Amino acid sequence: MPMHIGEKEFSSRVNKGLEDDFMRGAVRSAQGRLQTNRAKAADELGDWEEWRYLGQEIRQHTMENLDFYLKQLSEKVAERGGHVYFAETAEDANNYVKQVINKKNAKKVAKSKSMVTEEIALNDALEEQGCEVVETDLGEYILQIDDHDPPSHIVAPALHKNKEQIRDVFKDKLGYTNTEKPEELTLFAREQLRKEFLAADVGITGCNFAVAESGSFALVTNEGNARMVSTLPKTQITVMGMERIVPTWEELDVMVSLLTRAAVGQKLTSYVTALTGPKDETEVDGPEEFHLVIVDNGRSKILGTEFQEALHCIRCAACINVCPVYRHVGGHAYGSIYPGPIGAVLTPLLGGYEDYKELPYASSLCGACTEVCPVKIPLHEQLILHRKKIVEDEKKSGFGENVAMSGFGIMAGSSRLFNTATRMAPYLVTPYAKDNAISKGPGPVKPWTDIRDLPVPQKERFRDWFKSRKTGG
Amino acid sequence: MQKGTIQNSDIFLDNIAKSLGRERKETVIRPTWHHQPQWDVLANYTQNQLVDVLEAQCKSIHTDLIRTCKENLNETLLKVIKNFHGKTVMTSDDSRFEMFGLKDHFNEYKQREDIDVHTWDKTDGDTSIRVAERADVGITFSDITLAESGTVVLFSDEGKGRSVSLLPATYIALIPQSTLVPRMSQATKEIHRQVENRERVSSCVNFISGPSNSADIEMNLVVGVHGPIKATYIVIEDQ
């Protein structure tokens with residue numbers, strides 16, 4: 001599954017989301033829980049703002065010196081007998097992984113959750129060459145079984161599905177006979193996947209944070225599937241976005257502490273697993289062979305630009321969990337595996353304005369996202385920057401809006417024209433007005449009035465009212 | 001161990017330097033961070049106070065915590081194993097089982113209670129994994145214990161297989177009280193020190209906080225997914 005998901009048209013994706021009552025209910029309740037848990041965990045620390053400053057400073061320093069830290073990481077991995085491949089594009093990364101799998105003559109791959117492998121569509125590439133790929137995170141497993149339904153949240157990928165739907169998917173595809181109780185569904189998945197872990201030739205994981213000083217990397221999980229994937233198969237391949245790195249173990253502590261609190265309100269997840277190279281020669285479990293694939297895929301083009309801070313993201317989804325737009329339209333409406341505010345910033349940078357020019361507008365600019373971001377990415381300001389670029393540099397805004405905006409500029413720039421226009425406004429809209437409201441507006445007003453009424457301008461202008469008002473009082 | 005390969009490094013890293021508008025950097029000094037709130041957490045707590053914090057945290061991670069002393073350790077452990085309906089047990093190969101006087105008792109378990117206790121065998125990996133996979137209980141000692149998050153830290157080595165705390169249906173962590181520290185910061189500082197002193201970092205460092213769980217189905221918390229379904233911590237007074 002590549003980064004793009006769902007229908008091409010933004011508006012049809014949004015409408016689909018708006019019509020899906022169950023999904024909207026599920027998102028509302030999930031957002032509520034996650035917000036409360038995050039706020040509680042942040043409060044408990046007492047000095048959450050200090051932690052955020054620290055997180056921001058670490059991310060800034062690391063991005064500014066990214067070439068140095070990646071080189072250090074690669075040398076340390078190689079010292080411990082691991083292989084490192086730097087992949088400029090998605091295709092490079094996929095080809096390297098395919099090559100390793102071919103060499104091993106592997107038939108079955110067990111994967112733990114990884115957004116970057118979704119982004120580069122690694123599963124498709126492996127399945128094309130006849131390799132079976134099993135997603136082992138419970139949410140990802142459900143989606144994979146359901147004919148590769150796309151994820152709608154970066155932490156809880158199957159958030160849009162209810163337990164009855166999941167029961168039916170298990171029933172239809174796997175012959176499940178029990179009820180829709182989450183405990184029974186989960187136990188069933190445990191039994192199914194245990195066999196897969198034991199049979200897999202290769203394990204593929206993502207990477208929450210690599211540690212440059214020792215060539216290590218950490219996986220932050222609750223289910224234990226990433227531990228299985230890095231314990232049982234003889235070969236392990238880890239794929240990381242090139243920005244997912246910290247200088248030393250001391251910074252790993254800070255970033256993990258921020259991530260688990262911001263994502264799910266936990267002090268730590270059940271498992272934080274830090275791996276360095278393949279297993280030692282004297283150890284008997286763990287992979288004999290280890291490959292690290294470091295992926296650029298458009299990230300270096302973001303470095304050095306006004307959007308560099310988007311690379312500070314640690315994928316906690318706190319911004320998604322507070323976003324009022326996400327609450328209403330759901331994850332699939334964004335058309336990207338990266339939804340919500342961070343998705344609206346990141347997706348156009350990775351995928352281009354051509355396909356994603358609407359996303360920066362899918363925001364009320366309320367700034368709730370910026371407020372909760374554990375590494376202080378100014379998300380809503382980045383969205384405004386996108387809008388500015390789209391309008392100014394790319395000239396991609398609609399023709400009607402262009403004319404209206406330049407017309408507005410001329411009109412507002414001249415006091416005579418402004419006076420005339422504001423006096424005329426109530427009369428110009430008369431053909432569209434009914435009961436002091438416009439419900440079917442023309443041209444650029446239409447998308448607004450499709451959803452809500454626009455009040456008609458008052459006959460008395462503010463300036464006239466101001467001049468003739470009684471002073472004092 | 002043979003050194004691994006690195007491919008495409010220069011072109012990739014040159015590209016990053018170019019985007020950043022400068023030449024490649026050969027050295028970088030890690031700055032002193034302006035804010036360091038992590039060292040204030042549970043600062044100056046005594047070992048006993050840290051056990052209290054650990055105990056409170058265990059309630060929110062679905063983990064039972066039992067305090068005991070060295071003398072009662074064997075009886076306490078046996079009780080927990082029976083509570084988990086343990087018939088097959090896998091332990092790591094750790095000298096502390098002997099130090100805390102458990103090793104000798106393990107032989108009696110078979111006669112007294114029909115409980116088989118296996119020790120991780122570094123000479124026979126396949127058998128060890130197979131036994132761990134069907135074991136009812138896995139038991140390890142904690143190397144460092146984090147009070148704040150209720151976490152046991154395990155450093156893998158030839159005797160301490162990754163599977164022991166992962167594959168069995170339930171998990172028991174034996175926690176000498178002296179292993180307690182306030183939070184993750186103290187553990188990662190120790191590993192950072194190892195790296196600075198050119199000591200070998202374990203191939204797998206696990207930070208384990210209770211049993212495995214998932215909230216992927218309608219955000220309902222289900223305890224017990226791929227890793228152990230239940231966990232108990234036994235804190236041993238050792239000072």
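Mentor: In this predicted model, the UniProt record, an unreviewed entry, places the feature "binding site" at Cys313(A), Cys316(A), Cys319(A) and Cys373(A). They are spread over 61 residues of sequence, yet they cluster in space, the largest C-alpha distance being 10.5 Å.

Trainee: Why is Cys319(A) called buried?

Mentor: The label requires 20 or more other C-beta atoms within 10 Å. Cys319(A) has 27, and therefore it is buried. This residue lies in helix α13, residues 318–322 of chain A.

Trainee: What makes Cys373(A) count as buried?

Mentor: Cys373(A) has 26 C-beta neighbours inside 10 Å; the cut-off is 20 or more, so the residue counts as buried. Cys373(A) is found in the loop between α17 (368–372) and α18 (379–392) of chain A.

Trainee: Which residues does Cys373(A) touch, not counting those up to four places away in sequence?

Mentor: They are Ala318(A), Cys319(A) and Leu379(A). Leaving aside neighbours within four places in sequence, Cys319(A) has contacts that include Cys373(A), Cys369(A) and Leu379(A).

Trainee: How do you know that α9(A) meets α10(A), and through which residues?

Mentor: Contact requires C-beta atoms within 7 Å. On that criterion, Lys163(A), Ile166(A), Arg167(A), Phe170(A) and Leu174(A) in α9(A) meet Pro182(A), Leu185(A), Phe188(A) and Gln192(A) in α10(A). The residues of this contact divide into 6 nonpolar, 1 polar and 2 charged. The axes of the helices α9 and α10 of chain A come within 10 Å and cross at roughly 35°, and the crossing is left-handed.

Notes:
Residues numbered from 1 in each chain as written. Chains lettered and ligands numbered in written order. Predicted model: local features only at pLDDT ≥ 70, side-chain atom pairs only at ≥ 80, totals over all residues. UniProt positions renumbered as here; feature names shortened; annotations may be inferred. Helix = DSSP H or I, 4+ residues; strand = E, 2+ residues; numbered from the N terminus. Buried ≥ 20, exposed ≤ 12 C-beta atoms within 10 Å, placed from the backbone. Contact = placed C-beta atoms within 7 Å. Axes fitted to C-alpha atoms, helices over the stretch in contact; angles between N-to-C directions. Left-handed = near helix turned anticlockwise from the far one by under 90°. Nonpolar A, V, L, I, M, F, W, Y, C, P; charged D, E, K, R; others polar.
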